[in-house]
2 protein chains.
Amino acid sequence: MKIEVFLTSSIVSEEDVKDRTVVVIDVLRACSTIATALNNGARSIVPVADMAQAGKIASNLDQQSYLLGGERDGLKIEGYHLGNSPLEYTQKMVGGRTVIFNTTNGTVAIDQARPAEHLLIGTFLNAGRVVEFIREAGNDLTIICAGWRNRVSLEDTLCAGLMLYRLWDGVEPESASDTAHIAFTQYDHDREHLTAALQRCNHARWLSSNGHQDDVDYCLQLDALPVLPYYRDSRLILYEDERVEIAS
Amino acid sequence: MKIEVFLTSSIVSEEDVKDRTVVVIDVLRACSTIATALNNGARSIVPVADMAQAGKIASNLDQQSYLLGGERDGLKIEGYHLGNSPLEYTQKMVGGRTVIFNTTNGTVAIDQARPAEHLLIGTFLNAGRVVEFIREAGNDLTIICAGWRNRVSLEDTLCAGLMLYRLWDGVEPESASDTAHIAFTQYDHDREHLTAALQRCNHARWLSSNGHQDDVDYCLQLDALPVLPYYRDSRLILYEDERVEIAS
């Protein structure tokens with residue numbers, strides 16, 4: 001299995017994702033929110049790049065069936081039902097509904113990965129389940145870290161490193177790419193004090209100082225939600241539901 | 001001194017470089033070639049983004065006074081005097097002449113850094129001299145790694161990490177940014193076997209398999225050329241010459 005890692009999503013070409021399993025990582029907070037919403041019974045998540053696209057999709061849906069969620073630069077969008085805190089996406093709020101989801105970094109990364117054979121959402125919450133899928137599928141792998149403010153972010157790099165560490169059973173192959181080597185090295189360096197390393201990330205500190213320490217604590221829980229958000233027909237659903245749809 | 005690091009140059013804004021000391025790192029091979037050419041007596045290096053710009057500048061110069069140098073995707077450009085191997089930029093070849101220099105990654109990074117207070121070229125060859133300048137200038141610092149093929153490259157990350165290690169006397173401050181932390185961690189991890197770590201970089205392997213192992217070996221020599229390529233008026237000159245020009 002060939003493995004490539006993008007530490008930011010700024011330039012990913014079709015060739016980098018086509019026919020591959022692609023994992024998009026945006027730990028704080030888009031991908032953690034997507035995993036949480038699907039775990040809490042949302043029918044699907046429709047990732048969109050801007051407010052115009054969100055409005056267009058919403059206008060074709062029954063008003064009771066969807067919610068508008070998302071953020072711009074960390075803040076809830078005016079008029080939206082939900083922001084980008086995973087803790088808002090409770091069963092009561094999202095159960096049975098479609099979430100039209102508009103975020104700064106995560107949506108861009110998902111959009112670039114659309115030509116993938118399998119497109120998954122990866123976080124600390126579901127890292128184990130993602131690694132299990134990657135192994136079973138057997139395709140070459142591309143991990144795309146969304147990053148933060150157009151920069152490489154430590155939390156996404158560490159999450160990529162964790163997945164590589166598990167895929168390689170803790171032993172990095174000689175042939176690892178530069179970026180895989182960097183993510184693996186960082187995780188190996190920090191894994192015995194992972195929570196402390198994550199709490200010091202620039203983005204975690206920014207969220208904490210803006211009243212979202214509870215989100216940070218929530219998103220850093222390793223393997224707490226073993227769900228697999230899977231992309232198909234312009235939306236994210238649970239992989240198990242995808243299997244049911246294909247069988248029927 | 002505030003320090004920010006970009007592990008690729010894909011998105012760097014004016015705000016990220018203005019009023020700061022900015023170091024552009026492209027170890028293999030543009031920045032190493034620039035340092036070598038200036039050390040060997042080139043009058044100046046004019047970095048350009050494409051062949052059209054190179055031709056336009058050349059058309060205003062006396063034919064004996066300049067050389068066209070550079071590469072596209074690692075290969076010499078047809079009709080150019082020189083490619084991107086530092087070993088071509090000998091005293092005999094470049095002494096007293098201006099080099100119009102056209103490269104894939106390095107030039108883009110230099111162009112983004114133009115609003116800087118001080119813009120320097122950093123490599124393993126001149127890392128010590130660069131760190132000395134950063135300390136003396138005292139401005140906030142931005143390091144921009146050019147990367148390779150739009151990705152984070154290990155050699156540029158390690159060179160940034162080396163500079164941080166020296167600036168911080170081997171002790172990373174708590175306040176380090178995510179990217180500074182990643183570069184520092186990688187260097188600290190690899191510093192006792194630095195040459196081996198660098199020889200395994202994707203770009204080093206590619207150059208080696210394309211007949212340029214001698215370039216790789218040359219570029220990885222730590223502190224071998226204590227020169228300071230400095231940007232002023234759309235060209236790179238030795239910092240010492242810049243001082244003379246300002247004084248006169």
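Residues are numbered from 1 along each chain as its sequence is written, and chains are lettered from A, with ligands numbered from 1, in the order in which they are written. Because this is a prediction, local features need pLDDT of at least 70 and side-chain atom pairs count only at pLDDT 80 or more, while totals for chains, interfaces and linings use all residues.

Let's start with how the two chains meet. In this model, 21 residues of chain B are in contact with 21 residues of chain A; contact here means that the C-beta atoms, placed from the backbone, lie within 7 Å. On chain B, α6 (154–167) and α7 (178–190) each supply at least two residues of the side that touches chain A. It is α7(B) that gives the most, with seven residues. Helices, by the way, are DSSP runs of H or I with at least four residues, strands are runs of E with at least two, and both are numbered from the N terminus. By class, that side of chain B has seven nonpolar, twelve polar and two charged residues. For the classes, Ala, Val, Leu, Ile, Met, Phe, Trp, Tyr, Cys and Pro count as nonpolar, Asp, Glu, Lys and Arg as charged, and the others, Gly among them, as polar.

So how are the copies related?

Now into chain A. Helix α7 (residues 154–167) has 14 residues and reaches 20 Å from its first C-alpha to its last, close to the 20 Å expected at 1.5 Å a residue; the expected span is 1.5 Å times one less than the number of residues. Twelve of the 14 residues of α7(A) are buried, including Asp156(A), Cys159(A) and Ala160(A). Buried means 20 or more other C-beta atoms within 10 Å of a residue's own, exposed means 12 or fewer, and partly exposed is in between, with C-beta atoms placed from the backbone. Leu167(A), also in α7 of chain A, counts as partly exposed, with 18 C-beta neighbours inside 10 Å. Leaving aside neighbours within four places in sequence, Leu167(A) is in contact with Val131(A) and Ile134(A).

What about Ile25(A)? Again leaving aside neighbours within four places, its contacts include Asp156(A), Cys159(A) and Ala160(A). Cys31(A) is another of its contacts, and Cys31(A) is one of the buried residues of α2(A). All ten of the ten residues of α2 (residues 30–39) are buried, so this helix is largely enclosed by the rest of the structure. After α2(A) comes Gly41(A), with a positive phi near 95°.

Last stop, chain B. All five residues of strand β3 (residues 44–48) are buried, so it is largely enclosed too. Ser44(B), Val46(B) and Val48(B) lie on one side, with Ile45(B) and Pro47(B) on the other. Five bridges join β3(B) to β6 (residues 98–102), running parallel; two strands pair if DSSP finds at least two bridges between them. In that pairing, Ser44(B) stands opposite Thr98(B).

Technical notes: Two residues are in contact if their C-beta atoms, placed from the backbone, lie within 7 Å.
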